[in-house]
Amino acid sequence: MERESSGAAGPSAGEEGEGCAGLWELPVERCERRPECSRCSRPQKVCLCPFLPIHPLKISTCLYIIQHPAEESRVLRTVPLLAACLPPDKCKILVGRRFSEDRYPELAAVCRNPSTLILYPGAEATNLEEVTVMSSGPPVMIIIDGTWSQAKDIFYKNSLFRFPRQVQLKTNISSQYVIRTQPTNNCLSTLECAAVALTIMEKNKSIQEIILRPLQALCSFQLQHGAQIHHSKEHLLKNGLYDKPMPKNKRKLRRMELLLNNVKI
């Protein structure tokens, strides 16, 4: 009896198939990507080209941006804006996690050049302002693009990045990339790091202002259309505003404690 009652409660398999038959004939609506600007890589309706320099900046320094694959698909990434400000031969972007000499001979040669610098903070890093680049050719700097954990993974798991001289930025400026959360108040986006580094290496203060202009426009536009200002984790922790569960992983929890106690990580 239960079996009969259960069967009567809903349509049979044949009836269900007949009821859905018309659905399979409905046209599938394709999701098309919005047309993108070829220069700034932004959707054409929110193109940031009016805030880019009319002509690429004239610089002697060549940047190699080592980009984590996850950054390539982010909507609000800053590297395309950086590349749009510079000549193509002065901003080379390599996407990946692992870089071997066999697969990347050009990068290997760059890393083995004694005058190449890699921008990555740490105990062994020298302040860029104190570095004198001695080279017969144009100066070269490597910058890793990704979250701090992604950048750390790339830096320590690629032996090629042990060869360049390690440098860091000694600056107290706060990031203007306020639509994305940073670990500390003084952590900068890739575009901001490049802007400060190029200003120092080229001895030209206007470079920083020119490169930061499209980032300021991007953040302003996003905030006007519903985005919220993202304070750093350091700020949220110190002001009791961090509303996410504290990590159970001891290493991550230790990092939180260091941020809270003003210890550089």
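Partly exposed describes a residue between the two limits of buried (under 20% relative accessible area) and exposed (over 50%), using a 1.4 Å probe and protein chains only. The model is predicted: local features need pLDDT of at least 70, side-chain atom pairs count only at pLDDT 80 or more, and totals for chains, interfaces and linings use all residues. Residues are numbered from 1 along each chain as its sequence is written, and side-chain values use heavy atoms, with hydrogens and water left out.

**View A. Arginine 213 and glutamate 209 pair within helix 8.** Their salt bridge (a side-chain nitrogen of Lys or Arg within 4 Å of a carboxyl oxygen of Asp or Glu) has its closest N and O atoms 3.8 Å apart. Arginine 213 is partly exposed at 33%. Glutamate 209 is exposed at 53%. Helices (H or I, at least four residues) and strands (E, at least two) are DSSP runs, numbered from the N terminus.

**View B. Glutamate 106 meets lysine 92 in a salt bridge.** The closest N and O atoms are 3.2 Å apart. Glutamate 106 sits in helix 5 (residues 105–112) and lysine 92 in strand 2 (residues 91–95), so the contact ties together parts 14 residues apart in sequence. Both ends are partly exposed: glutamate 106 at 46%, lysine 92 at 30%. The structure holds five salt bridges.

**View C. Aspartate 153 and arginine 98 form a salt bridge.** The N to O distance is 3.1 Å. This pair links distant parts of the chain, 55 residues apart. Aspartate 153 belongs to helix 6 (residues 148–156), and arginine 98 to the loop between strand 2 and helix 5. Relative accessible area is 22% for aspartate 153, which is partly exposed. Arginine 98 is also partly exposed, at 38%.

View D. Two strands pair if DSSP finds at least two bridges between them.

**View E. Strand 3 runs parallel to strand 5.** Three bridges join strand 3 (residues 117–119) to strand 5 (residues 140–145). Leucine 119 stands opposite isoleucine 143 in strand 5.
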